[in-house]
Amino acid sequence: MRSAASKLAVALASTLAFAACQNPDVGEPCTLQWGSDSSLPRPTPTDAKGDYFQSGNPACDDLVCIVSPAAAGSRYADRCTAANGENCGYCSKPCVSNKDCYTSETGLVCDILLPDENFLATLDPAVRERYLGDIAFSSYCVVPR
C-alpha cells in the first residue's frame, strides 16, 4: 500500500514539475477584441502605426494580446492572413529582460510598451482604472522595433 502511494506522489510531483517548466504562450496567435463598431478597421501588423494592447484576453495565459507594427514577410505579419482570420495579434506578458520573452524561440524582445511606473503612479486612480484597468507593468514582450 505504501509503495502505491509513493509511486503516486512521485508521478504527481513529476507532472507538476513538467507543467511548471512549460513556457507560457508568449508569441502564440490571438485575436485583439476590437469592440462592436465594425466600421473601425482592425489593426494588422503591416498597417498598425503603433502597438495595440488588450488585457484580459482569454486566448493568452497571461491575458495580454498585442498587435504591433511588423514588416511584410516577417513572422508576425505573415500569420495575419485571410486563412488565419483575425488572429493578427500575439500573446505577451510582462518582462524584465529578453530572457523572459524566450527571444530565441519567439523573436520577441522585452521593451517598454506602456508609460513607465513613475508616470502611472501620478495618474488619478479613476483615470488609470478607466484606461489601463489593473495593468501594473510597463515592459512587455513585443516585436523588435
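1. Two strands are taken to pair if DSSP finds at least two bridges between them, and the strands themselves, like the helices, are DSSP runs numbered from the N terminus, with at least two residues (E) for a strand and at least four (H or I) for a helix. Residues are numbered from 1 along each chain as its sequence is written, and side-chain values rest on heavy atoms, with hydrogens and water left out. The model is predicted, so that local features need pLDDT of at least 70 and side-chain atom pairs count only at pLDDT 80 or more, whereas totals for chains, interfaces and linings use all residues.

2. On confidence, the mean pLDDT of the protein chain (the predictor's confidence in each residue, from 0 to 100) is 77, and 75% of the residues reach 70 or more. Where pLDDT is low, the predicted coordinates should not be read in detail.

3. As to the overall make-up, the protein chain has five helices and six strands, and from the N terminus on its elements follow the order α-β-β-β-α-β-α-β-α-α-β. Of the contacts in the protein chain with a separation of 6 or more, 63% are between residues 24 or more positions apart. Buried residues (under 20% relative accessible area; exposed is over 50% and partly exposed in between, with a 1.4 Å probe and protein chains only) make up 32% of the 145 residues. The accessible surface comes to about 9,100 Å², with 57% of it belonging to carbon and sulfur atoms; such areas come from the Shrake-Rupley method with a 1.4 Å probe, and for residues only the protein chains shown count as cover.

4. Four strands form an open sheet in the order β1-β4-β3-β2, with antiparallel pairing. Strands β1 (29–30) and β2 stand at its edges with a single partner strand each, so one side of each is left without a neighbour in the sheet. Strands of a sheet pair through backbone hydrogen bonds, either parallel or antiparallel.

5. Strand β4 deserves a separate look. Three bridges join β3 to β4 in the antiparallel sense, and two bridges join β1 to β4, which are antiparallel as well. Y90 in β4 stands opposite I66 and is also the bridge partner of P29, while S92 in β4 is the bridge partner of V64. The side chains of β4 point both ways, G89 and C91 to one side and Y90 and S92 to the other, and all of them are buried.

6. If the bonded cysteines of the protein chain are numbered in sequence order, the pairing reads 1-3, 2-6, 4-5, 7-9, 8-10.

7. One of these disulfides joins C60 to C91, with an S to S distance of 2.1 Å, and its torsion about the S-S bond is about -80°, so the link is left-handed. C60 lies in the loop between β2 (52–55) and β3 (64–67) and C91 in strand β4 (residues 89–92), so the pair ties together parts that are 31 residues apart in sequence. Both ends are covered: C60 is buried with a relative accessible area of 3%, and C91 is buried at 0%.

8. In the disulfide of C80 and C88 the sulfur atoms are 1.8 Å apart, and a torsion of 50° about the S-S bond goes with a right-handed link. C80 is buried, with a relative accessible area of 18%, and C88 is buried at 8%.

9. C101 and C141 form a further disulfide, their sulfur atoms 2.2 Å apart, and with a torsion of about -90° about the S-S bond the link is left-handed. Since C101 lies in the loop between β4 and α3 (103–106) and C141 in strand β6 (residues 139–142), the pair ties together parts that are 40 residues apart in sequence. C101 and C141 are both buried.

10. Finally, P115 is found in the loop between β5 (109–112) and α4 (117–122), and at 36% relative accessibility P115 counts as partly exposed. Leaving aside residues up to four places away in sequence, P115 touches L120 and S138. P115 and S139 are 24 residues apart in sequence, and their C-alpha atoms are 8.9 Å apart in space.

Terms used: Disulfide = S-S within 2.5 Å. Contact = heavy atoms within 4.5 Å.
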